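Me: I am new to this structure. Please walk me through how to read it.

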Amino acid sequence: GGWCSYPGIKKFLDNVYNATYPTHDLSSRDAIVFRLAEMYLIKAEAELNTSGSAAALTTLNHLRAVRAKSGKDNSLKGSVDINTILDERAIELCGEQQRWFDLKRTKTLVTRVKAYNAQAAGQIKDIHYYRPIPQSQLDAVTNFSGTKGQGFWQNEGY
């Protein structure tokens with residue numbers, strides 16, 4: 001039923017052919033540091049929180065106009081809220097490993113997973129706003145006392 005499938009992303013396709021790995025799937029250009037499109041999305045979120053929905057809509061539509069096919073209008077209509085901006089971030093930054101950070105930062109992780117991910121809806125909890133600390137990292141801390149409030153400890157729930 002597609003529950004164990006995932007889409008392939010060719011976002012970082014390299015034109016370099018490697019004889020050892022005869023495929024274009026491996027790329028050395030798979031780390032995004034910063035992009036202009038992200039600046040527009042950050043600006044839209046800041047405008048939403050300071051100037052209101054209309055200013056954020058203008059910024060989002062400017063970004064969408066640049067992305068539109070020639071002669072096509074893909075502008076947004078109506079009002080903008082944080083969910084609109086999160087949807088735009090999902091589209092623009094797909095595959096760039098920022099989604100969890102966006103949903104954590106905006107405190108919308110649990111509600112959005114429950115609304116849009118049927119497979120994870122029953123398992124998502126507030127503890128998922130934090131990630132587990134690898135045991136090897138905890139073991140590497142030399143002043144670890146194991147007592148909360150002293151030294152270092154695992155995030156609650158893990």
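This is a predicted model: local features need pLDDT of at least 70, side-chain atom pairs count only at pLDDT 80 or more; totals for chains, interfaces and linings use all residues.

Me: How many helices and strands does the protein have?

Reply: Helices (H or I, at least four residues) and strands (E, at least two) are DSSP runs, numbered from the N terminus. Here there are six helices and zero strands. From the N terminus, the order is α-α-α-α-α-α.

Me: What describes two packed helices?

Reply: The angle between their axes and the distance between the axes. Axes are lines fitted to C-alpha atoms, for helices over the stretch in contact, and angles run from 0 to 180 degrees between N-to-C directions. The axes of α2 and α3 cross at roughly 25 degrees and come within 12 Å. Their crossing is left-handed: the near helix is turned anticlockwise from the far one by less than a right angle, whereas clockwise would be right-handed.

Me: Which residues make the contact of α2 with α3?

Reply: Contact means heavy atoms within 4.5 Å. From α2 come L60, L63, R64 and R67; from α3 come T84, I85, E88, I91 and E92. They divide into four nonpolar, one polar and four charged. Ala, Val, Leu, Ile, Met, Phe, Trp, Tyr, Cys and Pro count as nonpolar, Asp, Glu, Lys and Arg as charged, and the others, Gly among them, as polar.

Me: At what angle do α1 and α2 pack?

Reply: About 165 degrees, with axes 7 Å apart. The two are therefore roughly antiparallel. This crossing is left-handed. In α1, the residues A37, Y40, L41, K43, A44, E47 and L48 meet S53, A55, A56, T59, L60, H62, L63 and R67 in α2. That contact has nine nonpolar, three polar and three charged residues.

Me: And at what angle do α1 and α3 pack?

Reply: About 175 degrees, with axes 10 Å apart; α3 covers residues 82–92. That makes α1 roughly antiparallel to α3. Here A37, E38, L41, I42, A44, E45 and L48 of α1 meet I82, I85, E88, R89 and E92 of α3. The count is seven nonpolar, no polar and five charged.

Me: Which residues form the largest nonpolar core?

Reply: In soluble globular proteins, nonpolar side chains tend to be buried together. A nonpolar core is a set of buried Ala, Val, Leu, Ile, Met, Phe, Trp, Tyr and Cys residues joined through side-chain atoms within 4.5 Å. The largest has eleven residues: A37, L41, A44, L48, A56, L57, L60, L63, V80, I85 and L93. Two or more come from each of α1 (36–50) and α2 (53–67). Apart from this core lies another, of eight residues, including W100 and Y129.

Me: Is D102 buried or exposed?

Reply: Buried means under 20% relative accessible area, exposed over 50%, partly exposed in between (1.4 Å probe, protein chains only). D102 is buried, at 5%. D102 sits in helix α4 (residues 99–105). Leaving aside neighbours within four places in sequence, D102 contacts L86 and R89. By comparison, I42 in α1 is partly exposed, at 37%.

Definitions and conventions. Residues are numbered from 1 along each chain as its sequence is written. Side-chain values use heavy atoms; hydrogens and water are left out. Angles under 35 degrees count as roughly parallel, over 145 as roughly antiparallel, 65 to 115 as roughly perpendicular and the rest as oblique.
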